[in-house]
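Here are my notes on the model you sent. Please read them with the structure open.

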Amino acid sequence: MCGIFGHIGYLPKELAQHCLDTLVHRGPDGQGLWHQPQVTLGHRRLAILDLSPQGQQPMAYGEGRYWITFNGEIYNFLEIRQQLETLGHRFRSDTDTEVVLAAFVEWGPACQDRFNGMWALAIWDDHEQRLFLSRDRFGIKPLFYASLPAGFAFASEMKALLPLLPDPRPNRALIDQPHRMFQYETTAECLVEGIQRFPAGHCAWYTAATPRPLQPQRWWCTLDHLVDVPESYEAQVEQFQALFLDACRLRMRSDVPIGTALSGGLDSSAVISAMAHIDQSSQLSHQRLSQDWQHAFVACFAGTPFDERRFARQVTDHLKIPATYIEIDPLAAVERLQDYFYRFEEIYLTSPIPFMLTYGAMQAQNVKVSIDGHGADELFAGYDFDYLTALQDARWDLAQMNDILEMRRANYPQDSHQYRLATRKWRFWLTWQSKRTAKRLLGRTPPPPERHHPLWDRLGPLNQQLYLSTHTTVLPTLLRNYDRYSMANGVEIRMPFMDYRVVSFAFSIPWWAKIRPPYSKAIIRDATAPFMPSTIAYRKSKVGFTSPTVDWIKGPLKSFFMDTLQSTAFRNCTLIDPERVSGLMRQLMDDPDVTFSFGEKAWRAISPYFWEQALLKRGG
């Protein structure tokens, strides 16, 4: 919900304010700076709970002993507050921030286990002169830090730390290795040397009097929190439905309007349909649940295969709610591309334009919270490159293996190359196994950190692959991306599928609760079908929310990229090979048969140039 910044050691107030100001997009509703000779805490506010001045940060508690700067939301704060009040705590505000502080005073770091939410926070103990840092279980909210000659600093984004670095430089080890794009988000490595990423599910202490390198300690491991599930699939569906509805209910707590980025796919449709179901079955005025949730925002790509408005319209018509259709016009946004890269501050394989425009449309309508469907694919096997692993779970049951291969084929248009390839099922299976083995032997597939955990083998092949996607590769990268896309526009994303209870449940159920041919994510479909259109609940086709890169660069953005390739700045950029990148871009523009994956490759190749211009040359 905000942007945070802090520094231990002397820091001129003007410099501290400058660092904090780089985060204004994350918190456009106000700012606070607590500046002392040896500690500085800063906060940019996105007001969602308790819009009064009582909700401003940095916030003090315990007669000024404890100070907090906090980014995120604790959805079960009302229940925790009630527990704390019975223990004698009294509150001046209606925020979750004050509850976090009181919980820390009462239980210390053990308070983290009680929180259902997303966060990156720093609490300063003025008596002990030490700082406590914590990040949520799955890293939904970002946190970076740097050890500096003059002290220790932390912030929500790298750009807030750049003014403190003597000489900001790019990390070529990451930029020059595109295959690591989905591997570094769960490491300490960053694209800027001298800055480190605080790991998800960890906490740490930093003592001002005895400064040492930060040593984050892990406080959360999903494998330590697996749960008992019913044996029958029908009972599993019932249990998941209850968990999912409660996760959505908690995330509807807000004092401002909330909406949904609706694609017309299963996941976002399940979320908004669940909210409608909650609205019909309970009193939203109770427990701070927002009654102003009927805001669906649909990104539209006219004339491309990525346009899903007809599916989204089925959902909004079924729920009888209005929708805002956002015509994604790249020409209207390309002049802001440098600013988008500055706010995004990472390198990825697709353009940020449609995502920035979608959450920008929310902000323009004063919708500050978007409850979205992120996480479902990684947890419940929505990608074919994940669910094919179920072939190993099938254990040479040829009927089951055939059903899984047939399910994959059915996901593609019948006139596509992928469909023809998938038709040769067993040849495809051998090719897939060979490529998978080769990637592992070449080190392109990182080993799961939990592979030595005593419960690792309990998961089975599919759940092990999904665990890796959820905790190490795909999902951490997407969580990072969507934090930047939304917070660049002063919008907070909440994700019911990332409720820790849902995640623990997802890795406790067997593979066959997720893959039930002809459907992937079967348990989500069967649990949410009662309150959404069946054509959406059991829709087989899948179109990811992405940029039509090939269509744009061949068409409306061609002149922009031609000008870029001919510019002096591009030819002098040392982060890329200008000749190679020019060749890729020109092939993309001129080859009529170029593929979408080639478009991603070309975008990834040219992105370091835009990134350097936007972040290092501007931010440093």
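1. Helix H23 (residues 558–566) packs against helix H25 (residues 578–590) at an angle of about 160°. Their axes lie 11 Å apart. This is a predicted model. Angles over 145 degrees count as roughly antiparallel, and H23 and H25 are therefore roughly antiparallel to each other. Their crossing is left-handed.

2. Which residues make the contact of H23 with H25? From H23 come Lys558, Phe561, Met562 and Leu565. They meet Ser582, Met585, Arg586, Met589 and Asp590 in H25. By class, the residues of this contact are five nonpolar, three charged and one polar.

3. Next, the second largest pocket. It holds about 450 Å³ of space. Its lining is made of 24 residues. Nearest the centre are Thr186, Ala200, His202, Arg218 and His471. Two elements give two or more residues to this lining: helix H17 (456–471) and helix H18 (474–487). H18 supplies the largest share, three residues.

4. Searching the whole structure gives six cavities of 30 Å³ or more. The largest cavity contains about 60 Å³ of space. It is lined by 13 residues, and Met1, Arg45, Leu49, Gly55 and Thr97 lie nearest its centre. The lining of the largest cavity divides into six nonpolar, four polar and three charged residues.

5. Please check two cis peptide bonds on your copy. One runs from glutamine 57 to proline 58, with omega near -5°. Proline 58 sits in the loop between strand S3 (39–45) and strand S4 (59–61). Another cis bond joins proline 517 to proline 518, and its omega is near 15°. Proline 518 is in the loop between helix H19 (500–506) and helix H20 (522–528).

6. One more backbone point. Where is lysine 320? It lies in the loop between helix H7 (309–319) and strand S15 (323–327). Phi of lysine 320 is near 60°, a positive value in a residue other than glycine.

Terms used: Residues are numbered from 1 along each chain as its sequence is written. This is a predicted model: local features need pLDDT of at least 70, side-chain atom pairs count only at pLDDT 80 or more; totals for chains, interfaces and linings use all residues. Side-chain values use heavy atoms; hydrogens and water are left out. Axes are lines fitted to C-alpha atoms, for helices over the stretch in contact, and angles run from 0 to 180 degrees between N-to-C directions. Helices (H or I, at least four residues) and strands (E, at least two) are DSSP runs, numbered from the N terminus. Angles under 35 degrees count as roughly parallel, over 145 as roughly antiparallel, 65 to 115 as roughly perpendicular and the rest as oblique. A crossing is left-handed if the near helix is turned anticlockwise from the far one by less than a right angle, and right-handed if clockwise. Contact means heavy atoms within 4.5 Å. Ala, Val, Leu, Ile, Met, Phe, Trp, Tyr, Cys and Pro count as nonpolar, Asp, Glu, Lys and Arg as charged, and the others, Gly among them, as polar. On a 1 Å grid over the protein atoms alone, a cavity is a set of points where a 1.4 Å probe fits but cannot get out, and a pocket is an open set with protein on both sides within 12 Å along at least five of seven lines; lining residues have an atom within 4 Å of a point. Grid points are joined across faces, edges and corners, and a volume is the space filled by probe spheres set on the points.
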